[in-house]
Amino acid sequence: MAARDSLGRFPQIHDPLHLALRHQLEHRRDVLAEAAAMARGEQYLHLIHEVDAALDRLEGGSYGICERCHESVEAEQVLINPLVRFCLDHLGPKEQEALERDLELAAQIQTRLLPKADFCCDGWQVAYHYKPYGVVSGDYCDLIIGQDKELYFIVGDVTGKGVAASMLMSNLNAIFRALVPLGLPLAELMGRANRIFTESTLPTQFATMICGRTNAEGALELCNAGHVPALLVNQTGVHRVDSQGLPIGLFSEQKFTTSAYEIEAGSSLVLFSDGVSEARKSDEDYGYERIAEAVVKSAGGTPAEIVGNCVRDLEAYMGSAPVFDDQTIMVVQRSI
């Protein structure tokens with residue numbers, strides 16, 4: 001979410017986020033007014049009053065400030081409930097219980113959105129590791145079979161953490177699963193996904209992403225949209241595949257480019273989120289070199305073995321140091 005001022009308040013008047021929040025609240029008020037006119041229910045009138053109060057707080061500069069401790073309400077709480085008035089520490093017992101139930105349900109839903117742990121498709125094998133920082137994750141990890149049996153693989157990272165990021169992750173899941181069956185060229189697929197995602201997010205939200213497509217003959221096409229580099233591992237060594245463009249969600253009409261590769265049997269592509277490469281201990285990142293070393297030590301192994309070795313190496317490096325981000329590792333390997 002966008003930065004607040006020194007007092008923790010949201011930007012005011014002409015700031016894009018301020019305008020987006022006001023538009024969202026005003027739209028909800030219009031919907032409630034229509035419902036109230038038709039049903040004449042007290043619940044609608046109460047909600048209209050809550051929306052009016054939120055608009056007053058927005059214009060007065062106190063929107064997003066807890067009414068009890070006067071500290072900033074968690075940004076993800078504001079995204080989930082634009083009428084929120086209290087931070088998590090000052091919710092009542094009933095609200096706390098309801099929130100815990102919602103988080104547990106959100107985690108279950110997100111887990112069901114993940115692909116099979118060990119995946120095979122026309123000469124390709126895939127394995128991955130997916131570890132949320134909290135209850136839910138903002139990392140996007142997916143495997144989709146196209147209309148001509150191509151394998152699409154995606155690793156992405158939505159800005160932020162927690163529930164708000166997980167909602168956007170679910171949005172990406174729906175977008176790509178709707179678009180892949182259309183059989184679009186990969187660059188066009190990314191362009192359409194970007195337009196849809198841009199139109200459904202706030203101005204400060206975006207996602208970095210690597211999306212790839214393979215076929216049974218060993219062809220691989222890859223688009224890296226502002227994501228951390230992938231690692232291509234073949235007989236000649238480990239090669240970085242750097243970003244080719246901007247993240248999705250910044251500009252609705254931005255263009256994307258792709259790179260093509262011919263992958264030999266036994267070669268692998270290793271993708272990960274920055275929660276892995278930027279995992280930090282004693283002011284030093286885990287880094288690409290350590291990831292590459294862990295992959296090389298697993299040379300000749302299955303994707304599951306490579307992923308497992310990478311995870312063990314990362315955990316050994318971190319030791320008891322705290323983790324502050326979601327972590328995803330995916331290995332796509334040509335098996336024949």
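1. Just after α9, G319 takes a positive phi of about 55 degrees. Helices are DSSP runs of H or I with at least four residues, strands are runs of E with at least two, and both are numbered from the N terminus. This is a predicted model, where local features need pLDDT of at least 70, side-chain atom pairs count only at pLDDT 80 or more, and totals for chains, interfaces and linings use all residues. Residues are numbered from 1 along each chain as its sequence is written, and side-chain values use heavy atoms, with hydrogens and water left out.

2. Buried residues of α9 include P303, I306, V307, G308, N309, C310, V311, L314, Y317 and M318. Buried means under 20% relative accessible area, exposed means over 50%, and partly exposed is in between, with a 1.4 Å probe and protein chains only.

3. Helix α8 covers residues 287-297, and G287, I291, A292, A294 and V295 are buried in it. What do the buried residues of α8 pack against? The partners are strands β7 (230-234), β8 (237-241), β10 (268-272) and β12 (284-285), plus helices α7 (274-277) and α9 (303-318). Contact means heavy atoms within 4.5 Å.

4. A cavity is a set of points on a 1 Å grid, over the protein atoms alone, where a 1.4 Å probe fits but cannot get out; lining residues have an atom within 4 Å of a point. The largest cavity has a volume of about 40 Å³, the space filled by probe spheres set on its points. Its lining is F272, V276, Y286, I291, C310 and I329. By class, that is six nonpolar residues, with no polar and no charged ones. I291 is also one of the buried residues of α8, and C310 is one of those in α9.

5. Two loop residues deserve a look. D122 sits in the loop between β1 (118-121) and β2 (124-131). K149 sits in the loop between β3 (139-145) and β4 (151-158). Neither is a glycine, yet D122 has a positive phi of about 45 degrees and K149 one of about 70 degrees. Most residues other than glycine have a negative phi. D122 counts as partly exposed because its relative accessibility is 42%. K149, at 53%, counts as exposed.

6. E50 lies in helix α2 (residues 42-60). Is E50 buried or exposed? E50 is buried, because its relative accessible area is 17%. Leaving out residues up to four places away in sequence, E50 touches L83 and R85. E188 belongs to helix α6 (residues 186-199) and is partly exposed at 34% relative accessibility. E188 and K255 are 67 residues apart in sequence, but 8.3 Å apart in space, C-alpha to C-alpha.

7. Last, the whole chain. Its secondary structure comes to nine helices and 13 strands. Of its 336 residues, 47% are buried. Among contacts with a separation of 6 or more, 65% join residues 24 or more positions apart. The chain exposes about 16500 Å², and carbon and sulfur atoms supply 53% of it. The area comes from the Shrake-Rupley method with a 1.4 Å probe.

Definitions and conventions:
1 Å grid on protein atoms, 1.4 Å probe; cavity = no way out; pocket = protein on both sides within 12 Å on 5 of 7 lines; lining within 4 Å. Nonpolar A, V, L, I, M, F, W, Y, C, P; charged D, E, K, R; others polar.
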